[in-house]
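Hi everyone, thanks for coming. Have a look at the model on the screen while I talk you through a sheet and a pocket.

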Amino acid sequence: MLPWKRALRPLAALLLAAAATVVPVATAQAETQSEAQAEAESGGGWNDYSCKPSAAHPRPVVLVHGTFANGVDNWLTLAPYLTNRGYCVFSFDYGQLAGVPLFYGLGPIDRSAEQLAAFVDKVLAATGAAETDLVGHSQGGMMPRYYLKFLGGAAEVHTLVGIAPSNHGTTLNGLTNLLAYFPGAADLLSTATPALADQVTGSAFLTKLNAGGDTVPGVHYTVLATRYDEVVTPYRSQFLSGSDVHNVVIQDLCPLDLSEHAAVGLLDRIAFHEVTNALDPAHATPTTCLSAVG
């Protein structure tokens, strides 16, 4: 093999990993906060295990972070947004790789789904609720579907809201198609960061996940996508098919919204307003550009 090809094998995997990275707004804070610290510092709000769901919001909300993120920094805006509206809100870290600190959502996605199942059981036991609602960003909007479909999660989940979820994988604007031209790059990607390999369009994981239909009975699904998504591409691949699915393009609600993949999950109050509509459709109000200041 030519030397330049040997050099490009790890480079190709590195580029794919970098392109799929969700760069948090508050990385510095993530480096100093663990999940336990977040719980201790919640002050009766987010990750407050004494929180009891109200009659208005009878189900706790579990937030599921994306690839390379964690259960704190991914939700520094949405978690307070929901707690301020009376929800019991919880988050956690999943998908740890040995020897990789700070960044999560990197391990095999089927194993991450097992971690989600255990965390939901913990939240339900603490709150006394019979069901939970899940809100996830990127991988976190797709991974719960494995829990629902294969791990019994449908009996414990009422609603799943995916913000820019990788439901049918991503081509990264065609970048993943280049893997075939660099021998060993796909294997390297799978070994180093299994979750990234699992999210490539056509992966064995996604083939299994989507076989026989996108949804399971008894769960309400909402997908929020942005036309400017540069990570999960094409953006319409995020949409689900099924009888109880609400697929939304954020720009159809507010044409002025320029959020891309990271911002729509981290900062976008227009998307957040639509999250609350999905969690409480009986009291939904129209989502417009004014929702950004609501």
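One definition before we start: Ala, Val, Leu, Ile, Met, Phe, Trp, Tyr, Cys and Pro count as nonpolar, Asp, Glu, Lys and Arg as charged, and the others, including Gly, as polar. Also, this is a predicted model, where local features need pLDDT of at least 70, side-chain atom pairs count only at pLDDT 80 or more, and totals for chains, interfaces and linings use all residues. Residues are numbered from 1 along each chain as its sequence is written, and side-chain values use heavy atoms, leaving out hydrogens and water.

We have 6 strands in an open sheet, ordered 2-1-3-4-5-6 with parallel pairing. (Strands are DSSP runs of E, at least two residues; helices are runs of H or I, at least four; both are numbered from the N terminus. Two strands pair if DSSP finds at least two bridges between them.) At the edges sit strand 2 (89-91) and strand 6, each pairing on one side only.

Now, the largest pocket. A pocket here is an open set of points on a 1 Å grid over the protein atoms alone, where a 1.4 Å probe fits, with protein on both sides within 12 Å along at least five of seven lines; lining residues have an atom within 4 Å of a point. Among its lining residues are His158, His220, Asp244, His246 and Glu274. Which elements give two or more residues to that lining? They are strand 4 (157-163), strand 5 (220-225), strand 6 (245-249) and helix 12 (269-279). By class, the lining has 4 nonpolar, 6 polar and 2 charged residues.
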